[in-house]
Amino acid sequence: MSTQEHTRLTGAEIIWATLEGEGVREVFGYPGGAILPAYDALRKFPIRHILVRHEQSAVHMADGYARASGRVGVAIATSGPGATNMVTGIATAMLDSIPVVCITGQVGSKVLGTDAFQEVDITGITLPVTKHNYVVTRAEDIAPVLRDAFRVANSGRPGPVLVDITKDAQQATAEFDFAAAAPGKLGAHPMLSVAEQGIAEAAELILTAKRPLILAGHGIIQSGAMSQVRALAERAQIPVACTLLGLGSFPASHKLNLGMMGMHGESWVNHSIQEADLLIACGMRFDDRVTGSLATYAPKAKKIHIDIDPSEINKNVAVQVSLIGDLATVLDQLLPRIRTRDGAAWLHSIDRMKGDAAVRDIKNLPDNGHLYAAHVINDLWHATSGDALITTDVGQHQMWEAQYYKHEQPRSLITSGGLGTMGFALPAAIGAKIACPGKEVWAIAGDGGFQMTSPELATIVQEKLDINIAIINNGYLGMIRQWQETFYEKNYECSPIFSPDFVKLAEAFGIRAAAVATRSEVMKTVEAARTHKGPFLINFMVEQEDTVYPMIVPGAALHEMIRRPSANPLIETASDV
Amino acid sequence: MQHTFVAYVEDKPGVLTRVASLFRRLNINISSVTVGGSERPNISRMTLVADAPPAAGHRIMASLYKLENVVQVDDVGRFSSVSRELALIKVATTPKTRSRIFELVNVFRARVVDLAPGSLMIEITGSESKIEGLLQVLNENEDRVLEISRTGRMVMRRGHHTSRVLEALGDVESQNGAVSVPMVDALPEEEETLHNDSDLPHQQP
């Protein structure tokens, strides 16, 4: 249906016509009473609807879709339980600044606030976990509100937006004029300004620093500032440390890339932060997982913070120079002032900090019959030549993925960072695959998290998606067990978890599957999954009581990490390589 | 420390909740909030007073700007400004105390707006300290205060400062440069005295 004509449509039709006008081709949703008028009108529009098994997953899919493509993801659900089920997905997108538009049906406007069947105050519930939300009670408001929702979701620091549309608004008719419904012109954000003076101060700090370090965050990917960051690093010979969500923003194989910082970052990365005399924070927010104790964080360093959100400045870490604005734009202003610089001494001293930590790495240990998650991830990285799009849940497998899968490209790792949501990987992989059908997509999950959203296996089959799934199965809620081991005297209360036979489970859905318990089987099973046309699940039965190292105890200083044991006590026969 | 913000917000349902919820999330108590019309149609003006650490001002202001319905925020505590509050005070009276209270009301340039056999109602406008001054005297005189209703502080920056709302909304005048937006840190000496807040005795009459 053309969006140019001024036609009279029902509110339900206006929803789809507006989405079509915004360039939406796929939505993730689940029907229900209050959203049924919209579903009734869906067949008239060229929009693919992916039927999910739980509304939380619909939002995770829209989230994965947005992270994989950079476009706004759309999720749709009914009122009441449909809407409340979305909340975890919305909060996940909020904490990681992902542009998602959630549309919920609502009871008729005449009965709002009466506890009508399946009525819930979803805008009240989601107020703190959305960037903004709206209630629409009239058909004529649907197009302008939805268009504004897309603007809000995708502008500035992106985030999720919820639009709650009453059933009578969907049923009424109104003039539809897509162009006229465009968001009004907005005044410039008065706090969003980069003064020339700030640029000059930043350039001066960079050019005079002896031990500068770039902290590469998610904002680089969101802003599309990969080439600018690379130019800055290469021209001034500044090493780069990545946050979890910043992985892929700077090529892993680049000689200036040190790797991931923070709680489970490599020792030399965190030591470099503590030794640096200048931190250039690009699109990152000094989260507690990357700073450790704030009192002892980067004590020798001046800090430059470049971010689009003024409320992040001086929130956790006091900075000397703040440049508030779109990262790519700010760096475009800064780069002409950056001259080539000799960074050899500092890079050399970081190499010395690496010492034997780089080689004393579990993935380099010979096969002794045990299967370690690190081996699985490392082999998966080799098998896919580092080109796959990986999604993960939260926990040990997430950290092993971040340590052992080397991401060269932005948007190749999709993981729940801020909220740390179990069950994210599988639906996020579905969204990513829908967004990028040509990409090889792997969902990596633990045995615990996988069981939270495993019904979405049915979605994979129904939508005929070629997604591979790797379950890192250690029979525990692994990170919980690790914390209980470290902080609760090995009191493994409620962390051992029973799982069904995942191979049989997958087969029940019509998905090919295999179990792997030894290292020698890893490569060939991964290859079998890759060559199989259609979804494939591998249940990796890994060492049960393995621990993610290095580890910074919460509240400890960044340099006081627990290092990998020189010989892993679990590997009796292995010698330290 | 006490922070005072003036926020221009869209006049829509739920906007007050969004602003209040922001302070709730930061665990900051709002000591007073006044909301009413402004010079622009469909834009309300809020004056928010909150106790928070000195460094929190920037964060609160930046967080307010993140709300879609907030058009402009001003941390007015940093500038020379006029602050006013309106209070209605109901005082118990006897034939003996009534004339003394009338006298007090006159000294404070307040007004008696209701008179009943056992009580009277005072309307007083001024700085918070002026209202507190009146209450203090009433208490010291052992006049029984039956009810107090205070509006909370409303604040406007002094001098030539004009709300940037006009500019933000693309007002023609401001585009022509007719509305100047100086960042008034300090005003000329005579202006300062001209607008002196102390239009009345503080504390003691």
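This is a predicted model: local features need pLDDT of at least 70, side-chain atom pairs count only at pLDDT 80 or more; totals for chains, interfaces and linings use all residues.
An α-helix has 3.6 residues a turn, so residues three or four places apart point the same way. Helix 11 of chain A is followed by Gln237(A), a residue with a positive phi near 50°.

The largest nonpolar core comprises 179 residues, and those with the most contacts inside it are Ala75(A), Val100(A), Val101(A), Val163(A), Ile214(A), Leu215(A) and Cys282(A). Helix 7 (residues 139-154) of chain A supplies the largest share of this core, namely 9 residues. When neighbours within four places in sequence are left aside, the contacts of Ala75(A) are Val27(A), Phe28(A), Gly29(A), Ala58(A), Val59(A), Ala62(A), Met86(A), Val100(A) and Cys102(A). In soluble globular proteins, nonpolar side chains tend to be buried together.

Two helix pairs of chain A were examined for their packing. Two packed helices are described by the angle between their axes and the distance between the axes. Helix 12 (residues 267-275) and helix 15 (residues 344-354) of chain A pack with their axes 9 Å apart, at an angle of about 135°, and helix 12 of chain A is therefore oblique to helix 15 of chain A. The crossing of these two helices of chain A is right-handed. Helix 12 of chain A contributes Trp268(A), His271(A) and Ser272(A) to the contact, while helix 15 of chain A contributes Ile350(A), Met353(A) and Lys354(A); by class, the contact between these helices has 3 nonpolar, 2 polar and 1 charged residues.

In the second pair, the axes of helix 16 (residues 373-383) and helix 23 (residues 519-531) of chain A come within 10 Å and cross at roughly 45°, so that helix 16 of chain A is oblique to helix 23 of chain A. Helix 16 of chain A passes its partner, helix 23 of chain A, in a right-handed crossing. On the side of helix 16 of chain A, the contact involves His375(A), Val376(A), Asp379(A), Leu380(A) and Ala383(A), which meet Arg519(A), Val522(A), Met523(A), Val526(A), Glu527(A) and Arg530(A) in helix 23 of chain A. The contact of helix 16 with helix 23 of chain A has, by class, 6 nonpolar, 1 polar and 4 charged residues.

Asp115(A), which is not a glycine, has a positive phi of about 60° and is found in the loop between strand 5 (100-106) and helix 6 (122-126) of chain A. Asp115(A) counts as exposed because 8 C-beta neighbours lie inside 10 Å. A positive phi, near 55°, is likewise found at Lys490(A), a residue other than glycine, which lies in the loop between helix 21 (478-487) and helix 22 (502-508) of chain A. Lys490(A) has 10 C-beta neighbours inside 10 Å and therefore counts as exposed. In the loop between helix 18 (425-435) and strand 17 (441-446) of chain A is Lys439(A), which counts as partly exposed because it has 16 C-beta neighbours inside 10 Å. The C-alpha atom of Lys439(A) is separated by 29 Å from that of Asn364(A), a residue 75 residues apart from Lys439(A) along the chain. A cis peptide bond, with omega about -10°, joins Tyr549(A) and Pro550(A), and Pro550(A) is found in the loop between strand 20 (536-541) and strand 21 (551-552) of chain A.

Chain B has 205 residues, of which buried residues make up 24%, and its secondary structure comes to 7 helices and 9 strands. Among the contacts in chain B with a separation of 6 or more, residues 24 or more positions apart account for 71%. The contact between the chains takes 12 residues from chain A and 14 residues from chain B, and the side of chain A that touches chain B has, by class, 6 nonpolar, 5 polar and 1 charged residues.

Conventions
Residues are numbered from 1 along each chain as its sequence is written. Chains are lettered from A and ligands numbered from 1 in the order in which they are written. Helices (H or I, at least four residues) and strands (E, at least two) are DSSP runs, numbered from the N terminus. A residue is buried if 20 or more other C-beta atoms lie within 10 Å of its own, exposed if 12 or fewer, and partly exposed in between; C-beta atoms are placed from the backbone. Two residues are in contact if their C-beta atoms, placed from the backbone, lie within 7 Å. Ala, Val, Leu, Ile, Met, Phe, Trp, Tyr, Cys and Pro count as nonpolar, Asp, Glu, Lys and Arg as charged, and the others, Gly among them, as polar. Axes are lines fitted to C-alpha atoms, for helices over the stretch in contact, and angles run from 0 to 180 degrees between N-to-C directions. Angles under 35 degrees count as roughly parallel, over 145 as roughly antiparallel, 65 to 115 as roughly perpendicular and the rest as oblique. A crossing is left-handed if the near helix is turned anticlockwise from the far one by less than a right angle, and right-handed if clockwise. A nonpolar core is a set of buried Ala, Val, Leu, Ile, Met, Phe, Trp, Tyr and Cys residues joined through C-beta atoms within 7 Å.
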